[in-house]
Number of protein chains: 2
Amino acid sequence: MATKAIAIWALALNYTSLSTPVLDIATKSIYNWAGCAIGGYDQAAPVAALAAVTPFLGSQGNSTIFGNGMLVDAQTAALINGVASHADDYDDTHRDNPIHPSGPVLSALFAVAEWKAPVLGEDFVTAFIAGVEAECKLGVSVYPAHYELGWHITSTVGSIGAAVAVGKLLGLNTTQMQQAISIASVQVTGMHDSFGTDTKPFHVGRASQNGMMAALLAQAGLSGALNGLEADKGWTHVVSTQENLKAEVDTLGKTWEISLNTFKPYPCDRIIHAAIDGWIQLRAQALEKGLNIADIIRVGARTNPMVLFLTDKPNITTGVEGKFSVYHVAAVALLYGEATPTQFTDEVVRNATVAALREKVTVVNDETVTEHEASVTVEFADGTKLEYHVEHALGSFENPLDDKFLKTKFIEQVTRSIGQAKAEKAFSAYIGIANATDVGALGRSYRT
Amino acid sequence: MATKAIAIWALALNYTSLSTPVLDIATKSIYNWAGCAIGGYDQAAPVAALAAVTPFLGSQGNSTIFGNGMLVDAQTAALINGVASHADDYDDTHRDNPIHPSGPVLSALFAVAEWKAPVLGEDFVTAFIAGVEAECKLGVSVYPAHYELGWHITSTVGSIGAAVAVGKLLGLNTTQMQQAISIASVQVTGMHDSFGTDTKPFHVGRASQNGMMAALLAQAGLSGALNGLEADKGWTHVVSTQENLKAEVDTLGKTWEISLNTFKPYPCDRIIHAAIDGWIQLRAQALEKGLNIADIIRVGARTNPMVLFLTDKPNITTGVEGKFSVYHVAAVALLYGEATPTQFTDEVVRNATVAALREKVTVVNDETVTEHEASVTVEFADGTKLEYHVEHALGSFENPLDDKFLKTKFIEQVTRSIGQAKAEKAFSAYIGIANATDVGALGRSYRT
């Protein structure tokens with residue numbers, strides 16, 4: 001009974017049993033998420049989503065939309081913060097799996113923590129970890145078959161993680177938690193055909209809201225299956241052709257999935273990060289040798305086949321599409337020497353120089369190359385050919401972002417929205433979240 | 001480009017081009033839905049769902065929850081009416097497919113029509129038909145593979161039908177409609193593991209809300225795939241192992257799916273209706289012969305294998321479970337001579353006589369028996385054996401409910417909620433919907 005086992009484990013999880021490394025990466029995951037939710041709000045998707053639900057907003061609400069400081073009801077906050085947190089494709093990623101664990105869980109959990117204030121930091125962090133462990137065990141249990149079918153695994157498992165986290169915070173009993181998991185599991189959101197459109201971050205917001213509502217519905221007495229994950233016609237069998245759920249559930253509390261979390265240095269699909277690293281290196285080499293980027297005649301990469309599976313978008317016109325175009329990231333890495341939010345605007349995507357360089361890029365599948373590895377090349381008109389091999393992309397598990405990078409990333413994202421002084425205050429607030437006596441006050445504490 | 005073809009066809013559909021038979025069955029579908037949405041509100045599921053969302057209700061709203069007359073915002077009304085309309089399992093069904101077409105589409109459409117009042121009856125009916133055609137073409141195109149995977153096809157296609165209907169009412173352009181279809185298509189709600197729980201009707205409410213929101217999101221500028229249905233990693237390929245979408249889309253406006261709609265005489269899974277007809281006949285025969293129902297020692301049925309696939313629930317304790325138990329319907333048909341909402345209460349399910357008779361029932365799969373056919377038997381202690389063969393279940397396409405039955409069904413359901421006088425008024429209102437100058441006023445017109 002995997003559903004019941006997850007419910008029991010999650011409800012029993014206790015803050016005092018959590019190790020320092022687990023708590024440390026949980027805190028990093030939280031502030032990295034907050035940076036994305038605040039900074040990502042300037043993308044089109046969260047703004048459009050808020051416009052769509054504005055006619056339904058109640059007059060009251062005490063959950064914050066982190067990107068604009070607006071107070072709304074919890075179901076709206078979960079949606080909009082979830083969309084914003086994924087809109088820049090700048091969030092976190094599980095080592096073994098393209099799950100971005102924090103978005104669906106924290107968007108729901110912060111909304112509920114503000115609504116049900118005061119929530120202790122310890123309880124919040126424990127519920128967050130419970131949700132992440134549940135969603136990642138599920139994700140690992142159906143990966144890669146589920147993903148290869150075309151599901152956006154972040155949102156498909158994320159709603160269940162959100163239900164577990166919120167259910168724990170609400171104090172559901174075991175039966176209610178099983179039902180919450182099942183109610184979340186029958187709402188499967190997110191497919192690959194949305195990648196490169198605003199619907200992709202919408203998946204995360206809706207998943208967060210679905211999970212939150214599943215917990216509330218179970219609490220309100222809506223009955224559901226007790227075995228939603230493992231039933232013959234339940235989640236694992238309906239959405240995947242392979243699954244290993246029982247074995248994964250047996251590792252709960254033994255292998256901590258959150259300790260496998262990693263953070264993105266570039267706001268775009270993680271699968272192209274290794275190649276970006278390589279092209280940034282080649283630009284530096286070229287400049288050192290006195291070569292001119294304008295003289296590049298060919299750009300190449302040998303990468304894991306997942307790169308072309310996900311990012312084979314040569315003809316693009318929007319910043320969002322740029323995040324899923326290996327050709328675009330090649331061009332900006334070589335032209336700008338970086339890949340930050342400013343390289344993924346509509347303007348840069350439509351820039352003639354960038355577009356011309358995109359056309360010179362050829363990517364070749366190589367099954368022997370890992371997902372965090374890439375071999376890249378650049379050829380110049382004078383015949384010079386530069387090559388670089390990236391073994392472990394920056395931000396991968398083997399080559400993680402250090403604390404300084406993570407802080408800089410947070411400050412830069414949040415400064416875009418509220419200025420640097422408040423950004424520094426916000427960083428201090430989130431880094432101390434485990435000691436907060438009222439998590440709900442955090443989102444407001446740094447705005448004044 | 002099936003997504004675009006559906007968008008263009010739906011937007012172009014015109015009231016004056018609709019034939020009288022199509023309009024006639026559309027009207028029946030609408031009042032049958034209204035009866036279910038009003039009468040079904042006394043089930044546990046809509047009440048629990050409303051309790052869960054009550055903390056988020058705004059102070060304003062002009063969309064009616066039909067079962068209780070409460071005015072709420074449109075996204076809440078779509079959810080709660082959708083849940084209520086399916087809570088009794090008393091709604092409509094497509095001839096070739098277990099889709100209940102009206103629930104997801106009308107729950108969204110009424111909510112929006114009240115919000116965006118005044119909406120003309122002609123426009124409402126045309127949008128409704130567009131939504132039903134879209135959802136049923138989709139459903140037929142992936143049936144049975146999609147259903148056999150475990151998806152609850154009513155809600156999985158229903159959200160897309162709702163998006164099309166609402167999108168047409170809102171006046172989306174073609175691109176927005178394609179995006180609305182895609183945004184709805186990536187939110188796939190409903191699995192068989194929920195059957196027999198409150199989560200099953202929740203599927204319908206959430207699908208309705210998802211579709212409505214998809215149209216609003218597209219209108220608000222949230223970008224989405226333009227080819228969500230046919231994309232390699234889009235709806236048909238992700239949720240089914242077989243599809244025939246292009247061929248089905250080519251029949252839009254030629255084969256009218258709504259003309260294949262049928263209505264249920266019993267508030268339970270349609271697949272057991274033929275057997276219920278048979279057992280009701282056998283009870284009558286037994287009484288005529290002076291036999292005593294208490295002397296039954298064995299009850300049998302030979303039915304299509306889908307009967308046991310969906311309703312093999314011998315051990316049940318709730319009324320909702322009774323709707324998915326072939327054993328329970330055998331017992332109540334024989335003991336009460338009918339299968340109305342009163343036979344699907346927790347009390348009747350727990351009644352010792354009913355429970356004892358359930359245990360005497362054996363059902364055998366027979367692939368040569370159609371889904372609307374059944375051969376049933378009853379054996380008595382004195383050795384008498386009665387047999388009956390039902391070729392076309394009451395309410396099937398070949399043996400439809402007549403106008404009188406449909407009216408009686410409506411009046412009985414609605415009387416449960418608002419009394420007979422208002423029920424009669426309501427019937428007059430809904431039967432004249434095509435001529436209404438403000439559809440939004442309908443839900444309020446019969447309450448005073």
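This is a predicted model: local features need pLDDT of at least 70, side-chain atom pairs count only at pLDDT 80 or more; totals for chains, interfaces and linings use all residues.
**How chains A and B meet**

- Let's start with the head count: 57 residues of chain B are in contact with 57 residues of chain A.
- About 4,500 Å² is buried between chain B and chain A, and carbon and sulfur atoms give 65% of that area.
- On the chain B side, the residues that lose the most area to chain A are F56(B), V186(B) and K233(B), which together make up 17% of what that side buries.
- How many salt bridges cross this interface? The rule finds zero between chain B and chain A, but it does pick up 16 residue pairs in polar contact there, both residues being at pLDDT 80 or more.
- Several elements of chain B each bring at least two residues to the side that touches chain A: α3 (44-53), α4 (74-87), α7 (145-149), α9 (174-185), β4 (187-189), α10 (199-219) and α11 (235-239).
- Of these, α10(B) supplies the largest share, with 10 residues.
- Sorted by class, the side of chain B that touches chain A has 30 nonpolar, 21 polar and six charged residues.

**A strand pairing across the two chains**

- Strand β4 (residues 187-189) of chain A is joined to β4(B) by three bridges, and the two strands run antiparallel.

**What UniProt lists for chain A**

- An unreviewed UniProt entry annotates residues 1-19 of chain A as "signal peptide". In the model, that span is 58% helix and 0% strand, with its end C-alpha atoms 27 Å apart.
- The annotation "domain: MmgE/PrpD N-terminal", from an unreviewed UniProt entry, covers residues 5-246 of chain A. The end C-alpha atoms of residues 5-246 are 9 Å apart, and the span is 62% helix and 4% strand.
- For residues 266-425 of chain A, UniProt (unreviewed entry) gives "domain: MmgE/PrpD C-terminal". Here the chain is 45% helix and 16% strand, and the end C-alpha atoms lie 24 Å apart.

**Backbone details in chain A**

- Another cis peptide bond joins Y143(A) and P144(A), with omega about 5°. P144(A) is in the loop between α6 and α7 (145-149) of chain A.
- D89(A) is not a glycine, yet it has a positive phi of about 50°. Look for D89(A) in the loop between α4 (74-87) and β3 (92-94) of chain A.

**Salt bridges**

- Over all chains, a search of the whole structure turns up 34 salt bridges.
- What does K200(A) form with D89(A)? The two form a salt bridge, and their closest N and O atoms are 2.8 Å apart.
- That pair links distant parts of the chain, with K200(A) in helix α10 (residues 199-219) and D89(A) in the loop between α4 and β3, 111 residues apart.
- As a general point, side chains of opposite charge can pair when their charged atoms come close.

Key: Residues are numbered from 1 along each chain as its sequence is written. Chains are lettered from A and ligands numbered from 1 in the order in which they are written. Side-chain values use heavy atoms; hydrogens and water are left out. Contact means heavy atoms within 4.5 Å. Buried area is the accessible area (1.4 Å probe) that two parts lose on being put together, summed over both. A salt bridge is a side-chain nitrogen of Lys or Arg within 4 Å of a carboxyl oxygen of Asp or Glu. A polar contact is a pair of N or O atoms within 3.5 Å; within protein, one must be able to donate a hydrogen and the other to accept it, and residues adjacent in sequence count only if both atoms are side-chain atoms. Ala, Val, Leu, Ile, Met, Phe, Trp, Tyr, Cys and Pro count as nonpolar, Asp, Glu, Lys and Arg as charged, and the others, Gly among them, as polar. Two strands pair if DSSP finds at least two bridges between them. UniProt positions are given in the numbering used here, feature names are shortened, and annotations may be inferred rather than shown by experiment.
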